[in-house]
Amino acid sequence: MSEQAVIDNLDFARNGRVMRGEAQLAGFARLQDLLISDRGVVNYTLSGDIGAKGEPLLICVVEGELLLQCQRCLEAMVFPLHIESRLRLVQGATQFDDLDHGDEEEDSIPVSAEMDVLELVEDEILLSLPISPLHPPELCSGKRAQGAADEKRNNPFGALAALKVK
Ligand SMILES: [Zn+2]
């Protein structure tokens, strides 16, 4: 059902390739525990580039919205994704290598002839999520009267619409 996109990431970077796509949230197995709803999609763009020192890079952009559970009131909260990561490709790197990154914020990922693009997108989403998602205090029904909380529960999408307007 879910398409698979596998790239040779070094070749992708060196040739400045670009891949755009839409990924179903339901296809991200590791994300499921954190989502209130797995309906919807995220849009991603993966671009290859070469950095100032000749280092191969992948730039991973992910946009979308997730529905997470507020850890204070346990109701749904909209969490907008605006990810833009610069990932340096390193031969045989592990995530634990202490690499000198200079000024720029770059993470390293290993060079791979068969990198799963959607797995990378899922990694980036997971890294961007708060450990404990919370509504802003003024919007969180955990601090409101019980009546207001019940009203929201009866009409969760009304509450979400209100959040989006904010
Ligand atoms: Zn809340």
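Valine 121 is in contact with Ala23, Tyr44, Cys60 and Val62, neighbours within four places in sequence being left aside. Two residues count as in contact if their C-beta atoms, placed from the backbone, lie within 7 Å. The model is a predicted one: local features need pLDDT of at least 70, side-chain atom pairs count only at pLDDT 80 or more, and totals for chains, interfaces and linings use all residues. Residues are numbered from 1 along each chain as its sequence is written.

Val121 is also one of the residues that touch the most other members of the largest nonpolar core. A nonpolar core is a set of buried Ala, Val, Leu, Ile, Met, Phe, Trp, Tyr and Cys residues joined through C-beta atoms within 7 Å. A residue is buried if 20 or more other C-beta atoms lie within 10 Å of its own, exposed if 12 or fewer, and partly exposed in between, with C-beta atoms placed from the backbone. Helix H1 (9–14), S3, S4, S5 and H2 each give two or more residues to this core. A second, separate core has 5 residues, including Leu68, Cys70, Ala76 and Met77.

Helices (H or I, at least four residues) and strands (E, at least two) are DSSP runs, numbered from the N terminus. In H2, the buried residues are Val117, Leu120, Val121, Glu122, Glu124 and Ile125. Their cover includes strand S1 (6–7), S2, S3, S4, S5 and strand S7 (115–116). The 12 residues of H2 should span 16 Å at 1.5 Å a residue, and the end C-alpha atoms are 17 Å apart, which agrees. The expected span is 1.5 Å times one less than the number of residues.

Isoleucine 125 lies in this helix, H2 (residues 117–128). Isoleucine 125 is buried because 23 other C-beta atoms lie within 10 Å. Beyond neighbours within four places in sequence, isoleucine 125 is in contact with Leu31, Val62, Leu81 and Ile83. Valine 42 is 83 residues from isoleucine 125 in sequence, yet 9.8 Å away in space, C-alpha to C-alpha.

The sheet comes next. Five strands form an open sheet in the order S2-S3-S4-S5-S6, with mixed pairing. Strand S2 (18–24) and strand S6 (107–110) are the edge strands, and each pairs on one side only. Two strands pair if DSSP finds at least two bridges between them. Strand S3 (residues 41–50) runs antiparallel to strand S4 (residues 56–69) over 9 bridges. Here aspartate 49 stands opposite leucine 57 in S4. S4 and strand S5 (residues 76–90) are antiparallel over 13 bridges. Cysteine 60 has serine 85 in S5 as its bridge partner. The hairpin of S4 and S5 has 6 residues between the strands, and leucine 74 takes a positive phi near 65° there. S5 and S6 pair in the parallel sense over 4 bridges. Arginine 88 is bridged to serine 108 in S6.

Overall, the protein chain has 4 helices and 7 strands. Along the sequence, the pattern is β-α-β-β-β-β-β-β-α-α-α. Buried residues make up 20% of the 166 residues. Among contacts with a separation of 6 or more, 58% join residues 24 or more positions apart. The chain averages a pLDDT of 84, and 75% of the residues score at least 70. Over residues 145–152 the pLDDT is below 50, and this stretch has 7 contacts in the model beyond near neighbours in sequence. The pLDDT is the predictor's confidence in each residue, from 0 to 100.
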